[in-house]
Amino acid sequence: GIPDIIHVHSMINGGFLAYEIKKKFNIPYVITEHSSAFARGLISREVIEALKPVVKESACNIAVSNRFTKLLDEKLAYKSWQYIPNIVNDEFIAHDLVVSGEAYKFINVCLLDKNKRVDILIQSFAQSFKGVENTSLAIGGDGPERRYLEELVKNLDLQKQVSFLGMLTRKQVMEEVANSNAFILSSEYETFGVVVIEALALGKPVVATKCGGPESIIVDEVGYLVDVNNVEQMAAAMKRLYNNRAKFKSIDIRKYCINNFSEDAVVNKLDKVYNSVLELKKKDNT
């Protein structure tokens, strides 16, 4: 049958398709945008112009962080955008909360490209923890920067404390983060940061850069935010997290995540959007 609403998760190409379907069948559509390409200047002026009717005709425009909504309001100011976050996978919420022993392990999981600035993370770790007994940093993922990052670890004489885990499956990510003490995100730009809410679901505190998405996720009770590309700030935040580790309770961190990013929390917000769209559709048809 014909659906009541279409929800697309990309203006390109889903938005264009939903727009054409609406013209033909009068089915309203909702947009959720995730792509960092808009913030990184990778979308041409011609495409932005072509998106004007797509955004204007959508019943509701959603972005996955507060900062991203403001950016899209500026770039596509034909209709306002609202913030609704991504959903954390239930598997991470259901996983046992693991409390590590004396050793303290930081972890980062990402594609090892320039945007992730894992070099900043490694330098920050070196500044605060080089030679500190029972502290380590694990880096999950692979990518074009891996060789350079391995060389950086060698040059900083951190081989005994920093390890590269390589590509990980979703289940392996879950296990590695669960068996760590804290998650670190060092990116230059993220529209959201799913790995951050996955870490929170596993009860881990987070240090993250103010790179777009984390500002809508991290509060004082679950971690710290630092400026992008700032070794001193990140090193200090990691040290502060380590020194105040007793303050961060796994069960409280998970509760915060459930209240804000679980399926129930996010779907309730989407339900309100869908119901308001259907009400408008009903009025238009009478």
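A search of the whole structure finds 9 aromatic pairs, where rings of Phe, Tyr and Trp (its six-membered ring) pair if their centres lie within 6.5 Å, and where planes under 30 degrees apart count as stacked, over 60 as edge-to-face and the rest as tilted. The structure is a predicted model, in which local features need pLDDT of at least 70 and side-chain atom pairs count only at pLDDT 80 or more, while totals for chains, interfaces and linings use all residues. Residues are numbered from 1 along each chain as its sequence is written, and side-chain values use heavy atoms, with hydrogens and water left out.

## Aromatic rings

A pair of aromatic rings is described by the distance of the centres and the angle of the planes. Two of the pairs are set out in the table.

| Pair | Centre to centre | Angle between planes | Geometry |
|---|---|---|---|
| Phe192 and Phe261 | 6.2 Å | 65° | edge-to-face |
| Tyr224 and Phe248 | 5.7 Å | 85° | edge-to-face |

Helices (H or I, at least four residues) and strands (E, at least two) are DSSP runs, numbered from the N terminus. Phenylalanine 192 and phenylalanine 261 are both buried, a word that stands for under 20% relative accessible area, with exposed meaning over 50% and partly exposed in between (1.4 Å probe, protein chains only).

In the other pair, tyrosine 224 is part of strand β10 (residues 223-226) and phenylalanine 248 is in the loop between α10 (231-243) and α11, so this pair ties together parts that are 24 residues apart in sequence. Tyrosine 224 and phenylalanine 248 are likewise buried.

Ring pairs also link Tyr104, Phe106, Phe125, Phe129 and Tyr242 into a cluster. Over the ring of tyrosine 242 sits the charged end of arginine 245, 4.2 Å from the ring centre; a charge sits over a ring if NZ of Lys or CZ of Arg is within 6 Å of the ring centre and within 35 degrees of the ring normal.

## Nonpolar cores

A nonpolar core is a set of buried Ala, Val, Leu, Ile, Met, Phe, Trp, Tyr and Cys residues joined through side-chain atoms within 4.5 Å. The largest one here has 81 residues, and Met11, Phe38, Leu72, Leu76, Phe106, Ile122 and Leu200 have the most contacts inside it. Its largest share, 7 residues, comes from helix α6 (residues 118-129). A second, separate core of 9 residues includes Ile5, Cys60, Ile84 and Leu270.

Contact means heavy atoms within 4.5 Å. Leaving aside neighbours within four places in sequence, leucine 72 is in contact with Met11, Glu33, Phe38, Ala63, Ala77 and Trp81.

## Parallel strands

Strand β2 (residues 29-33) and β3 run parallel and are joined by 4 bridges, and two strands pair if DSSP finds at least two bridges between them. Valine 30 has cysteine 60 in β3 as its bridge partner. β3 also pairs in the parallel sense with strand β4 (residues 81-83), over 3 bridges, and here the bridge partner of asparagine 61 is tryptophan 81 in β4.

In a regular strand the side chains alternate between the two faces of the sheet. In β3 (residues 60-63), Cys60 and Ile62 point one way, Asn61 and Ala63 point the other way, and all are buried.

Serine 124 is found in helix α6 and is buried, with a relative accessible area of 0%. Its side chain reaches the backbone oxygen of isoleucine 120 at 2.8 Å, a polar contact being a pair of N or O atoms within 3.5 Å, where within protein one must be able to donate a hydrogen and the other to accept it, and residues adjacent in sequence count only if both atoms are side-chain atoms. Not counting residues up to four places away in sequence, serine 124 touches Val231, Met234, Ala235 and Met238.

Threonine 191 lies in the loop between β8 and α9 and counts as buried at 9% relative accessibility. The side chain of threonine 191 reaches the backbone oxygen of histidine 34 at 2.6 Å.

Lysine 239, in helix α10, counts as partly exposed at 33% relative accessibility. Leaving aside neighbours within four places in sequence, lysine 239 is in contact with Ser128 and Phe129.
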